[in-house]
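Hi,

Here is the structure I said I would pass on.

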Amino acid sequence: MAKSIGRLLGRRAPPPPEIAAALDALARLAEEEPTLSEAAALQGALLRAAAAAPPLVAEVDLAEAEAARKLAAGVPLLRGEDLRLDPAALRAAFARLADAARKHNLPGADAVAEALRRGALEPAALARAVLDGDPEPLALIVGGLGLPGDLARTLLRWSLFGPLSALAERLAPLRAAAAWGHGYCPTCGGWPLLAEQRGLEQQRYLRCGLCASSWGSDRLVCPFCASRDYEQLGYLFLDGKEQRRAATCDACRGYLKVLNALTPIPPYELPVLDLATLYLDMVALERGYAPAA
Ligand SMILES: [Zn+2]
Ligand SMILES: [Zn+2]
């Protein structure tokens with residue numbers, strides 16, 4: 001009864017626990033680092049928009065043998081698969097995110113919302129391009145409409161994060177037995193957003209920025225160009241903050257943020273930690289290193 005009255009009054013249901021935890025972490029971050037409060041508010045708004053009902057669901061039919069064959073060949077599990085994402089639901093999620101971006105006055109958000117309204121922008125086509133590992137169609141679609149590419153990519157990432165991270169978790173048993181020595185994600189092919197080093201052994205795990213997958217990686221290799229030249233691999237960090245570093249590679253000029261973590265970072269807290277370590281991006285960019293595209 002109380003529930004139906006709440007619905008009649010238009011009250012929003014409380015966010016699921018993992019979203020609530022990420023929102024709490026954002027609130028704490030904004031308090032500790034006032035310079036990040038605006039960015040934290042934006043991320044909170046995107047998070048709420050991405051998590052709003054109805055939830056988006058992605059599903060694939062992937063047999064064990066086919067998964068093993070793909071992984072052995074270095075092909076991410078979702079490459080070439082039909083995710084059965086409802087295009088209308090994806091469009092609705094993308095529109096909610098564009099609206100949140102518009103309310104935070106992000107440049108180009110109006111144009112993105114307008115392109116969605118007139119049907120010129122089809123998020124399902126963007127999603128297909130990203131999962132096919134081919135950035136060109138995405139650039140062509142977005143560029144052809146005169147939209148800011150970074151914003152379109154950000155909104156796409158946020159709309160796909162929920163369905164892809166849930167799907168990645170369901171697919172994790174398929175890759176439990178497979179060795180994966182690549183720097184890109186074994187599930188979706190995305191580049192790692194950051195790396196976490198767990199426990200006393202400081203074992204390194206890369207974490208995907210698109211689907212939150214976690215996969216083990218050698219600490220002495222660059223995930224982007226596979227260089228093992230120790231003279232080219234280094235770290236940047238601030239004095240007294242050695243727990244959070246940027247691992248740099250002079251062979252490809254790439255960098256990856258590496259954080260110490262006792263337990264695996266929950267998916268929705270990955271973007272929060274990415275924001276909390278923005279100072280490391282600044283330090284790396286200032287020295288001429290570039291993040292993975
Ligand atoms: Zn991934
Ligand atoms: Zn490299």
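Predicted model: local features only at pLDDT ≥ 70, side-chain atom pairs only at ≥ 80, totals over all residues.

The chain splits into domain 1 (54-173) and domain 2 (180-286). Their centres, taken over C-alpha atoms, are 23 Å apart. Where they meet, 18 residues of domain 1 are in contact with 16 residues of domain 2. About 1400 Å² is buried between domain 1 and domain 2, and 70% of that comes from carbon and sulfur atoms.

On the side of domain 1 that touches domain 2, helix 7 (123-131) and helix 9 (149-171) each supply at least two residues. Helix 9 gives the largest share, with nine residues. By type, the residues on that side of domain 1 are 13 nonpolar, three polar and two charged.

**Salt bridges elsewhere**

The whole structure has 18 salt bridges. One of them joins the side chains of Arg84 and Asp61 at 3.0 Å, N to O. Arg84 is in the loop between helix 4 and helix 5, and Asp61 is in the loop between helix 3 (37-51) and helix 4, so this pair ties together parts that are 23 residues apart in sequence. Arg84 is partly exposed at 43% relative accessibility, while Asp61 is exposed at 63%.

Another one links Arg207 and Glu196 (3.2 Å, N to O). Here strand 2 (residues 203-208) holds Arg207 and strand 1 (residues 192-198) holds Glu196, so the pair ties together parts eleven residues apart in sequence. Are these two buried or exposed? Both Arg207 and Glu196 are buried.

There is also a network of salt bridges that links Asp99, Arg102 and Lys103.

**A look at Asp82**

Asp82 sits in the loop between helix 4 (64-72) and helix 5 (87-103). With a relative accessible area of 53%, Asp82 counts as exposed. A polar atom of its side chain lies 3.0 Å from the backbone nitrogen of Arg84. Leaving aside neighbours within four places in sequence, Asp82 is in contact with Glu59, Val60 and Arg128.

Cheers

How values were computed:
Residues numbered from 1 in each chain as written. Chains lettered and ligands numbered in written order. Heavy atoms only, no water. Domains from an automatic or database assignment. Contact = heavy atoms within 4.5 Å. Buried area = accessible area lost by both parts, 1.4 Å probe. Helix = DSSP H or I, 4+ residues; strand = E, 2+ residues; numbered from the N terminus. Nonpolar A, V, L, I, M, F, W, Y, C, P; charged D, E, K, R; others polar. Buried < 20%, exposed > 50% of the residue type's maximum accessible area, 1.4 Å probe, protein only. Polar contact = N/O pair within 3.5 Å; in protein donor to acceptor, adjacent residues only side chain to side chain. Salt bridge = Lys/Arg side-chain N within 4 Å of Asp/Glu carboxyl O.
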